[in-house]
Structure formats: structure tokens, C-alpha cells
2 protein chains.
Amino acid sequence: MSITKGRSVTISDVAQTAGVSRAAVSKVIRNAYGVSPAMRERVEAAIGELGYRPSVAARALRGSSYRLGLEIPHVSARFMTQIMEGAKQAVAGTPYQLVLAPAHGPEYDTLESLADGLVDGIIAISPLVDPAWLEDLGRRIPVVMLGRHDHPTGYDTVVGDDIGGTRAIMTHLFDLGHRRIAHLTEPEAVTRPGSGTPHAVRLETYRTVMTEAGLADLIQIARREDVPDLARAATADLLARPEPPTAIVAGHDDIAMGVLAEIAATGRHGEIAVTGYDNTDLAAHPLIDLTSVDQQGMEMGAQAATMLLERLQGRTEPRRYRATATLQVRGSSVRSAG
Amino acid sequence: MSITKGRSVTISDVAQTAGVSRAAVSKVIRNAYGVSPAMRERVEAAIGELGYRPSVAARALRGSSYRLGLEIPHVSARFMTQIMEGAKQAVAGTPYQLVLAPAHGPEYDTLESLADGLVDGIIAISPLVDPAWLEDLGRRIPVVMLGRHDHPTGYDTVVGDDIGGTRAIMTHLFDLGHRRIAHLTEPEAVTRPGSGTPHAVRLETYRTVMTEAGLADLIQIARREDVPDLARAATADLLARPEPPTAIVAGHDDIAMGVLAEIAATGRHGEIAVTGYDNTDLAAHPLIDLTSVDQQGMEMGAQAATMLLERLQGRTEPRRYRATATLQVRGSSVRSAG
DNA sequence: CGCATCTTTTGAAACGTTTCGAAATCGCCC
DNA sequence: GGGCGATTTCGAAACGTTTCAAAAGATGCG
């Protein structure tokens, strides 16, 4: 493998070196039909000799870039790393390359900028974008959305069983004798009722289950602000209320970490039940030992990537993958003292 | 903002709508010199009406894509998220967009694929690639390398004070009465002596300090295999040795988490001193409470991005940023029992 | 008012691929 | 050996921008 230096080598250089036309080289590198063994060999030799690599830009302009985009709202959220890992695995071995686009500010911009010709398809985790807008995006470029509970026609979805998962948590806590159960979730924007985001569904389910159990008046909801660390502050708030909860259901493991931190910092570790969601690697750590719902993040990421690849193969009817949710009981969900 | 549908709208459409030439539109969208207010207004109106967005592919082919690439070996490593976060912040507000490229397998491929016209510049965290190869890459496209202790001429570097950080840890442990101090680090490939990777330097510094202290025969080195979870296995090995260490210096916080896990799982939490590196958010968690070295990961990411932007502005002489390392003492570094 | 000097606008040529129809070559059979 | 399909190769036209030199239009000055 020779190392390219100076001005980059183009398909014309290869064609010239091999003594064939540009079209011929193009066919060889794409494994297209209709190229004789002799020609293939000469072209490949020239490619090797010159260290030629096709320009993604030129390819993208003409057709496809062989890049898949994964848009992520929060790079540091533990759940996201599961998704990324899964998607990466699924894409490995295909001619496609995965690129991640961290959203900064409004997700629309990030998605647009991906759609602007950088990638051939998009996996997005964007609870806040408008479904109609997404349908439109799906018309321009293949799209798979993660964590959407609606039933779109123009793109695919990968979604967890947020109802089942939340119900499992609640049942578990009831079994442990808890009644005064609070829910600590994400900011308002991400949990708006009817919006169909995972956290909206979890919140709604929490409400429903509490009400079904005749505990409607014990419903307590707290939110963390956008900065991750503020889960601690929200927990402090909860615990300072006149009738503090005996159990806190956190929207996901990262929030639960904040809850555990606050409880531990006030010397009450083990006195209040805490549950998370996503079963991140932290939850399994002996020092954290967090009861959590496993919704197979890696599998979700992998499925999303696979579905996107299918769309690139030509599938047009929408598909949906629904991951199962299973409760992982660990030490953090302590029995109610009452 | 109207929503694009069907075939995408090109610069020609805008030109036609506005009744000007393509070149004129191009100038407007690039804020180039020599466009009258009247024309600017008409063009901008047309852009708005049509919902035009320039094609990245076409731009890239012609000059720049306004994308910066950040290559990351392990998306789930906590330290990486600091870097990403920092780089994201630094790029925000510039006309550039950050894209992340998770390396799968050999980093060469990922870097090449970034250089193939996708991005205008590259930030890389690739301990394993050959310096000469990198110099060559740097000749084709601006490059900033994170965690390189060499002094390249063709690209910039951002590096931590691995010697200082490691010395601070060792001094701290000596002060606590430890002598039998083990080092648990990354696999062989990443710590080869003289390779100049952060972990190679930390390992070397550990060796040096131990030797200086006359404890050369107490040097104990363990490695985790590539799977993150295997830090636990490596710890178990260490603790099963005839003369087990009283303190374990982990290569970074993620490894330290495994060490803590194993120690806790065997019911010996608090009996063995543990230190990490990177001062990730976990280290500060009350339940983890890990002594660690803060090397300002976010700042490193931000500096890397800034330096890359400078290069895109035209700077050519190499620069280097060296982050400071400060020890964060926490509960995990317990006093030696002996 | 004519000419020189600026400024604004334009046309056309890149950039490096893919694609499509046409040209060339080959093998085979009558 | 001429004719005919099938195969292999090629030339040229896209794709959507930017750029550069040149055209056109203002402006100022003598």
C-alpha cells in the first residue's frame, strides 16, 4: 500500500496508468457487471500502485456517499452509547460507514445538515421534532427513528416497551410495600403528554398505574433541568417535601445516578428505593447495584441500522421494531420501611 | 420556512427564481465580497421561499464541506465523551459542523474514510497509528492528534501531563503508606514502551517512580483485555497473587470502575486503595468516590477543535497544547493498613 | 460629455465520480 | 469469410457547487 502524497490521485490517474477509460475504473471499484478479468487485474494493480481512494464528495454528488448518519441528542448519555455500539456492529461488514452527528441546539439543524448530502440514510433520536416534518424528511432520504411511539408511514421506527417496562417497575415497588412513589423525569419539553416520546410514555404509565392502584393522590412528579447534574437538586427537592417518597422511579439510569448520589450524600443510602431505566453498565456495578429495566439498547441500535440498510436496498413500506423490556432487580430497590 | 419536497432544490432554482446568475447566489450564501444590497435581498427571499439548502457533496467536491471529523476509538469510554463534549462546544457558533467517526477495527480505515473528502479537517485519538503515516495524512488535510507525546511537524497535538499526573498519584499513595502498588493498564498494544501513548507514558512513569523509591521489586503490572469488563478479571488475578498489592493504580477511570467492582464483589470494599485517571463524572459520585487525575478532557477537546479551526484559517506551523493534570483526592485512596 | 476607474454581475470551466447509449471487439455458425 | 449476438470498452453528459476572468453598469473627473 503506497502512501498518497501531494495532490490526491483521481480516477483519471488510475485510468491513465491502467490504460483504460474512467468508466472502466469506475466499474471495477464498484464491482459492476461487465468487466473482463484482464481489465480488472490491470485496474486493481493501478489502484494499488497509486494508492487511489475514491472521493466521497464526488460519489455523493453523483449518487451515494456510503455513509450512514446517526444523530444523537446527548453524546454523554449512557443509553446513547449502547445505541451507537449496536449500530456500529450492524454496519460493520457492509460497504457503509457510520458517522455520528451530535445535535447542538435544535435537532432540525443537525438532521438537515445530515440530509444535505452527507449521508445516504439517517438514524435519529429526536424526541422533539415534528412528525410531519419527519415524514417530509423521509421522503427525501431514508430515515429510521428511535424512540417514537407513533405509526409513521414515511420512515421506520425502533421503540422500546416503555409501558411494559414502567409497569414492571411499579409492580415491583408495590410488591416491596411502597405506596409513596415519586417519578423523577426529564424536562417538560421531552415529556409532553401525547408527544409519544419514551419519557412521556413512562410518565403517563406511572400516572396510570398509580391511579389504578388508588394512589392518585400520592402521585409526585419531579423533573431535572437540562444539565445532567441537576437530578441531584431535583431529588433534594423531593426529599424535602412534607410527605417525601419512599421510592423514586427515575426516568433512566443517568437520572437514577443523580438520585443515588443525593441520597448517599445525605447519608440515607439504602433507605429509599431507587429504580432506573436502560440497564446501563453502571447499574450492574456492585457499588451502584441499581434496579433497572433492560430494553436492549444495543439491539435497538443494531436493528435501526439494519432497517436503514434494508431501506437502502429498496424497501419502502414502513417497518417498526419493538424491543422487549425486562426488569433487572438489584439492590437499590429496597423494601419499604413503613 | 417552507419544507422541501420531492426533488431537491438547487442553486440554479434559486438563481432562476431570483432572476440572477448562479454565481450571484453562490456569493450571497457565502457572504462573499461584491454583492449589492438589492441583489442580496432578492436572493435571500428566493432562498427562503424555496427552502434551499446547499449540497454538501457539491461543496466538498469544489472546496470545503464545512465538516470537521472527530475519530474516536471507543465511543463508550467516558473520557471520550468529555472530548466530544468539549469539541462540540468549541465548534458551536462557527460555520463548521462536527461529525464523529467511531473507529471499527483498524483506525487507518476510519481516518482514511474521513480524509476521503467527507471533512475539511480531522481530530483523531489514535494511539496506534504510525507517526510517519500521520505526517502524510497531515499533508493532505489538517490534523490534530489527541494524546500524542511526540513532536510532529505536520499536525498539531493536544496532550495531557501524563507524567505529572501519574507522579501525583504515586506520591499520594506513598504518603498513605503504600509500597505494594500495582498498575492495571490497557492491553499491550496501546502501552508499548516508547510509543508515546498516554498509557505507555503512565506505565513508564509508574515504573520509574517505583524504581526511584527503591521499590523496583514490588512492581506489579496487570492488563485488562480489550473488553471493558475484563478489568475485573485482571483485578481478581492481581488480588490472588501471593503478595497482593495494597493499592491499585488504574490506567483510567473506566478500568478503576472494574477494579472497584471486583473489590466490592469480594467484600473488601475500602480495604485496597484504588485510583483512576481522567476524573470522569463517575469518580465524583458519592458511591464511587474515586481518587482520580483531572486532565480537563473537555478543555482538551475544545482546544483540539480550536487548533483545527486555526489550521483551516491558514496556520501551518505545528502547535501543541498541554493540559495540566491535578490530582483529585477522594475516598477510594485509603490509607495502607500495614 | 468622454474616458478611466470602480463596483456589480455573469458565463463557463472546473471538481471527481457514475451512468447511459454507442462503439468496438469477440466468438460462433452457416 | 461474412453476418450476428453477446460481451467488453469507451466517450460524454450529468450531479451542484465555486471560482476566475471578462462583461456590463456605475461613478467620478477633467
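**Close-up 1. Arginine over a tyrosine ring in chain B of the predicted model.** The charged end of B:Arg202 is placed over the ring of B:Tyr277, at 3.6 Å from the centre of that ring.

**Close-up 2. Arginine over a tyrosine ring in chain A.** Here the charged end of A:Arg202 sits over the ring of A:Tyr277, and the distance to the ring centre is 3.6 Å.

**Close-up 3. A tilted tyrosine pair in chain A.** Over all chains, the structure holds four aromatic pairs. One of them joins A:Tyr66 and A:Tyr96, whose ring centres lie 5.4 Å apart with 50 degrees between the planes, a tilted arrangement. A:Tyr66 belongs to the loop between α4 (56–62) and β1 (67–72) of chain A, whereas A:Tyr96 belongs to the loop between α5 (78–91) and β2 (97–102), so the pair ties together parts that are 30 residues apart in sequence. A:Tyr66 counts as partly exposed because its relative accessibility is 26%, while A:Tyr96, with a relative accessible area of 14%, is buried.

**Close-up 4. A tilted tyrosine pair in chain B.** The rings of B:Tyr66 and B:Tyr96 form a tilted aromatic pair, with 5.4 Å from centre to centre and 50 degrees between the planes. B:Tyr66 is found in the loop between α4 (56–62) and β1 (67–72) of chain B, and B:Tyr96 in the loop between α5 (78–91) and β2 (97–102), so that parts 30 residues apart in sequence are tied together by the pair. With a relative accessible area of 25%, B:Tyr66 is partly exposed, whereas B:Tyr96 is buried at 14%.

Definitions and conventions:
Residues are numbered from 1 along each chain as its sequence is written. Chains are lettered from A and ligands numbered from 1 in the order in which they are written. This is a predicted model: local features need pLDDT of at least 70, side-chain atom pairs count only at pLDDT 80 or more; totals for chains, interfaces and linings use all residues. Side-chain values use heavy atoms; hydrogens and water are left out. Rings of Phe, Tyr and Trp (its six-membered ring) pair if their centres lie within 6.5 Å; planes under 30 degrees apart count as stacked, over 60 as edge-to-face and the rest as tilted. Helices (H or I, at least four residues) and strands (E, at least two) are DSSP runs, numbered from the N terminus. Buried means under 20% relative accessible area, exposed over 50%, partly exposed in between (1.4 Å probe, protein chains only). A charge sits over a ring if NZ of Lys or CZ of Arg is within 6 Å of the ring centre and within 35 degrees of the ring normal.
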